[in-house]
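Here are my notes on the model, point by point. Have the coordinates open while you read.

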Amino acid sequence: MTCAELFGISSRLERKVALRLVLAAPGGAEAVNQQGRSGATPLGQAALGGYTAEARLLLEHGADPHLCMHNGVSPLIYAAQAPGDAGLGAAALLLDAKAGIDHPQEGGQTALMFACQCSNVEVAELLLERGANQKLQIPGCGDAKVITKRMAVRKEELLALLARY
């Protein structure tokens, strides 16, 4: 079982125990940065699922917070997309580990833009507090405000937040 496959385990306790076993096994140190065919990493999967404890464990074992999928999606972008602000804890850990806050994926969207698009207000606020640039533009799409106006469910809350920074 690879590190990435562990995130298919439904029980949080079982997943954490299995992750500890994989990391302790021979080759476990290399497994933290193992990429799947699409470039997905265990840290990215933990961030997307909002699994903060697992993300912390992976970072403690040398997971690279800058290692992206082939399309440029970083673990921080995944944390920004986690449903219902579940990625807040993982995003904070990734930022503490010096993840690139304004790193764009292949299409130009940053973690802040994804947080706004997914209506993850708490993650958006964390990113802004840590210095995310809300003025970055995607050609033909606009900045974080434009994306919020077009796609966000919690538009008013997000626009008020963006106005404060």
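1. Start with R164 and E125, whose side chains form a salt bridge with N and O 3.2 Å apart. The term here means a side-chain nitrogen of Lys or Arg within 4 Å of a carboxyl oxygen of Asp or Glu. R164 sits in helix α10 (residues 155-164) and E125 in helix α8, so this pair links parts that are 39 residues apart in sequence. Helices are DSSP runs of H or I with at least four residues, numbered from the N terminus (strands would be runs of E with at least two). R164 is exposed at 56% relative accessibility, whereas E125 is partly exposed at 25%. For those labels, buried is under 20% relative accessible area, exposed is over 50%, and partly exposed is in between, with a 1.4 Å probe and protein chains only.

2. Before going on, a word on provenance: this is a predicted model, where local features need pLDDT of at least 70, side-chain atom pairs count only at pLDDT 80 or more, and totals for chains, interfaces and linings use all residues. Residues are numbered from 1 along each chain as its sequence is written, and side-chain values use heavy atoms, with hydrogens and water left out.

3. How many salt bridges are there by this rule? The count is 3. One of them joins D96 to R130, with the closest N and O atoms 3.1 Å apart. D96 belongs to helix α6 (residues 88-96) and R130 to the loop between α8 (121-129) and α9 (144-151), so the bridge ties together parts that are 34 residues apart in sequence. R130 is partly exposed, at 38% relative accessibility.

4. E157 and R154 form a salt bridge too, and their closest N and O atoms are 2.9 Å apart. E157 is partly exposed with a relative accessible area of 39%, and R154 also falls in the partly exposed class, at 29%.

5. Now for α8, the helix that holds E125. Its buried residues are V121, V123, A124, L126, L127 and L128. What do they pack against? The partners are α5, α6, α7 (111-117) and α10. Helix α8 is followed by G131, which has a positive phi near 105°.

6. In α6, the buried residues are A90, A91, L93, L94 and L95. Their cover includes α3 (42-49), α4 (52-60), α5 (75-81) and α8. Just after α6, K98 has a positive phi of about 70°.

7. Which residues of α3 are buried? They are P42, L43, G44, A46 and A47. This set packs against α2 (28-31), α4, α5 and α6. After α3 comes G50, with a positive phi near 75°.

8. The crossing is left-handed, meaning that the near helix is turned anticlockwise from the far one by less than a right angle.

9. Contact means heavy atoms within 4.5 Å. By class, there are 6 nonpolar residues, no polar ones and 1 charged. Here Ala, Val, Leu, Ile, Met, Phe, Trp, Tyr, Cys and Pro count as nonpolar, Asp, Glu, Lys and Arg as charged, and the others, Gly among them, as polar.

10. L48 is also in helix α3, and it is partly exposed, with a relative accessible area of 29%. Leaving aside neighbours within four places in sequence, L48 contacts Y78, A79, Q81, A82 and P83. P83 lies in the loop between α5 and α6 and is exposed, at 62% relative accessible area. Not counting residues up to four places away in sequence, P83 touches L48 and N120.
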